Amino acid sequence: MAMNKMNVLHWHIVDDQSFPYHSKVYPDLSQKGAYHPSFVYSHEDIAEIIDYARLRGIRVMPEFDTPGHTYSWGLSRPDLLTQCYQGAHPVNGYLGPMDPSKNETYRFLKNFFNEVMHVFKDQYLHLGGDEVPMTCWSSNPDVLKLLNQLDGKPDQPINLQNNDPYMYSYEIRKVLEYYEKRLTTDLKSIGNKRPNGVRFVMWQEIMNNNVQLPNDTIIQIWQGDMGDVQRAIDMGYNVVYSTCWYLDLIEYGVKWPKYYNCDPVDTSFGYQINEKKVLGGEACIWAEYLDNENLMTTLWPRASAPAERLWSNKEVRDVEAAGKRLTEHRCRMLSRGLQVGMISGPDYCLRRGRRHDRDGERNCTGGRCYRDVIQYEKINVHVQQRGKGDCNQMMASSGSMMSTVLIVIVVLMFFIASLKVSGAKVVQVKMCRNKTILIAFLGLLVVYFMCYTSLWISVMEIKGSFEKRVKSSYPESKYS
């Protein structure tokens, strides 16, 4: 991110599938909701990540998405989730979003976010609010009673027989507004005790459902176009735009020009957008089909295209010139040890560095770590004529390894010659009174030395390389 001048990490840290955040207030959330006890972020882990980002000019904004996307929360606290009904009967095991009708839900959330806002110091907090399954709310009698109270009809009877399990009424959106207003009011009271306060970011469904929130709320547009940007601004909100920069949507071919040409304040269709209300854009990548093995190659250098767009004047539109810069930047990231993917199809990069870990000092593979990592920035390439020079080049490249081999051979020859001349001489120098013991000891020493240093593997590699070069039938190169 720092190499591409991206300055905010939006960390969607929990979701339906897993709850990897370790809460000291509610430890069961991760103990029962995470994939595995080792797949959990402790407070110390988070502090380390935040500090690592800070030193590179990057802020960390967490997202704890509610009231939807909370299945993993219910693995430890099923009482927080809404019981879904089919007709007049609850469906066993079918739990929906957070239950907005219980006071306990808000007490829990206030305690939980009080901890979150002490762990994450950033002013901005993403509260989600997207894809709330309100059909479950529409089927629950307690939620419907809450809706009647919001409508000023607390005594109106509830009829569950006519509920459509696939539809929900427009009126149920009032419950979402009630939930979000009560949650944000509680969190504002906590945020007022912080030096920089707190500001909320929410997905655009909050706006789509006409939920009225404080005007300093930021709406993240991820489904719509400039019409949605205009509507959010007209409702008094600030905007972050990400519709065109969903990098996990893999498509065949070269797609970065689409990212590069996207404009978060596009006025070409007649929209009058106040650019001061559009705070920026976000390149998103979701982990439904990504993990450690393909995250880097999928994300970079494709994310470099929106990075340049967001830091460039809107008049900068030369895709061909940008392609050259992106290709060079891909090579630059490779040379710094990042395992990035392709950007514009087949190309080449001579400056490919070795992969290294975060501190740049250790290279760990298979549980063994080595401190001899070299990060290549400049490589001198020499093309030599094939033939007699190959052997010399091979011997020179082996360097110290060949010297070690020669020393071991000389030492062995010396002892063998000494033993052949006279066993008495061996006795005289008091090395050993028994030739057999001496030979066995030296043999074990040689075996230990060669196995420990993998010297025998290197010797076989040199032998095979030498034979291959000698037998090579390639014609001599005319270049030198």
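A polar contact is a pair of N or O atoms within 3.5 Å; within protein, one of the two must be able to donate a hydrogen and the other to accept it. The legends below apply this term to a predicted model.

**View 1. Polar contacts of the R194 side chain.** A polar atom of the R194 side chain lies 3.2 Å from the backbone oxygen of G197. The backbone oxygen of M117 is likewise found 3.4 Å from a polar atom of this side chain. Both pairs count as polar contacts because the distances, 3.2 Å for G197 and 3.4 Å for M117, fall within 3.5 Å.

**View 2. R194 and its position in the chain.** R194 belongs to the loop that runs between helix 6 (173-191) and strand 6 (199-203). The residue is buried because its relative accessible area is 13%, which is under the 20% limit.

**View 3. R194 and the segment containing M117.** Residues R194 and M117 are 77 residues apart along the chain, and their C-alpha atoms are separated by 8.7 Å. When residues up to four places away in sequence are not counted, R194 touches M117, F120, K121, D122 and Q123.

View 4. The protein comprises 480 residues, of which 40% count as buried. Its secondary structure consists of 17 helices and 11 strands. Among contacts between residues at least 6 apart in sequence, 64% join residues at least 24 apart.

Terms used:
Residues are numbered from 1 along each chain as its sequence is written. This is a predicted model: local features need pLDDT of at least 70, side-chain atom pairs count only at pLDDT 80 or more; totals for chains, interfaces and linings use all residues. Side-chain values use heavy atoms; hydrogens and water are left out. Helices (H or I, at least four residues) and strands (E, at least two) are DSSP runs, numbered from the N terminus. Buried means under 20% relative accessible area, exposed over 50%, partly exposed in between (1.4 Å probe, protein chains only). Contact means heavy atoms within 4.5 Å.
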